[in-house]
Amino acid sequence: MKNILPKNFVYLFLFLSVVLFLYVVYRAEFVWEGNKFNYYKKYYIISISSFVFFLLLWFVNDNIKSKSLLVVTSLVFSLYLLEICLNLHSFISIKIDQNNKMKQLEKNIKMYELKYNKKYDLRSNKEVLRDELVKNKNTVLVQVPANYLNDNKLDFFPLLSYPNKRTIIDNENGYTAIILSDRYGFNNPDQEWEKKKIKYMLIGDSFTYGYAVNRPYDIGSNLRKKIKDEEGVLNLGFGGNGPLIELGILKEFLPLINTENVVWIYFEGNDLNDLINEKKNEILNNYVDIKNYSQNIPNKKN
């Protein structure tokens with residue numbers, strides 16, 4: 001009986017190691033089609049290492065086998081107990097945060113409706129899209145280059161959005177911002193591209209793009225008020241952009257434009273984290289590694 005119990009536990013752990021390995025293969029290769037291998041790599045290592053460990057454990061004497069199993073089961077139990085505690089703490093923190101956000105939202109609604117004498121819009125972006133499509137079929141939800149960072153099947157990296165579309169952005173101020181994109185999908189009046197001289201070309205992320213505000217409250221619109229009528233301002237920002245996407249946009253469009261000033265708006269809150277993700281994309285790295293590299297993006301707007 002003493003010999004059977006340790007062996008049965010070794011059998012069990014070997015079986016669980018195989019099950020874990022097969023599940024990891026299923027998630028990584030079938031569900032995510034290999035696109036998240038870096039995420040699942042650690043689980044491959046854990047499942048294979050576990051299988052090898054218990055396979056080797058099978059050949060040692062019962063005394064070592066029993067002690068090893070005791071250590072392993074104690075460790076696994078402790079880790080799961082720690083995980084439960086952390087999840088419980090996270091759950092409580094989320095509930096507190098949600099409660100605080102609800103209180104803040106209630107304050108915002110009261111302030112907005114009192115100030116503007118309008119109803120605070122509580123619809124989701126998809127609900128807004130559904131309602132706006134009834135009025136105008138030329139309406140889309142905002143799509144930005146960063147959305148393609150994990151798509152390894154593309155033979156080029158899109159640095160544009162939907163051209164000449166009523167674009168639903170987001171609601172952060174009580175109303176859903178909707179802009180008409182220009183010929184390349186940027187947040188500009190399309191006639192800005194026809195001006196012979198561009199006073200300012202703006203490069204950046206959501207602050208530059210004018211996320212969740214209508215014109216004329218974005219940076220580009222405010223700058224247009226300060227310059228001569230024959231001069232223009234081109235806003236080439238998108239929400240979610242990091243420095244490498246911004247460099248790509250700059251190198252694609254700067255040769256097309258007679259611009260006096262390039263204003264690169266850097267946001268220290270997330271730009272460096274964005275850069276880490278962008279550097280994993282081979283196409284974007286070409287803008288740094290290859291001199292005069294171009295995807296000819298302005299001619300791929302469709």
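At what angle do helix α2 and helix α3 pack, and how far apart are their axes? Before I answer, a word on the basis: this is a predicted model, in which local features need pLDDT of at least 70, side-chain atom pairs count only at pLDDT 80 or more, and totals for chains, interfaces and linings use all residues. Residues are numbered from 1 along each chain as its sequence is written, and side-chain values use heavy atoms, with hydrogens and water left out.

Helix α2 (residues 37-57) packs against helix α3 (residues 62-116) at about 155°, and the axes are 10 Å apart. Axes are lines fitted to C-alpha atoms, for helices over the stretch in contact, and angles run from 0 to 180 degrees between N-to-C directions. The pair is therefore roughly antiparallel, a term for angles over 145 degrees. Helices here are DSSP runs of H or I with at least four residues, and strands are runs of E with at least two, numbered from the N terminus. In α2, Phe53, Phe54 and Leu57 meet Lys65, Ser68, Leu69 and Val72 of α3; contact means heavy atoms within 4.5 Å.

I turn now to the sheet. Its three strands are ordered β1-β2-β3, open and with mixed pairing; two strands pair if DSSP finds at least two bridges between them. At the edges stand β1 (139-141) and β3 (178-180), each pairing on one side only. Strand β2 (residues 166-168) runs antiparallel to β3, joined by three bridges, and threonine 167 stands opposite isoleucine 179 of β3.

Helix α4 lies across β1, β2 and β3. Glutamate 132, in α4 (residues 125-135), counts as buried because its relative accessibility is 8%, where buried means under 20% relative accessible area with a 1.4 Å probe, protein chains only. Beyond neighbours within four places in sequence, glutamate 132 contacts Thr139, Arg166, Ile168 and Ile178.

How values were computed: Buried means under 20% relative accessible area, exposed over 50%, partly exposed in between (1.4 Å probe, protein chains only). Angles under 35 degrees count as roughly parallel, over 145 as roughly antiparallel, 65 to 115 as roughly perpendicular and the rest as oblique.
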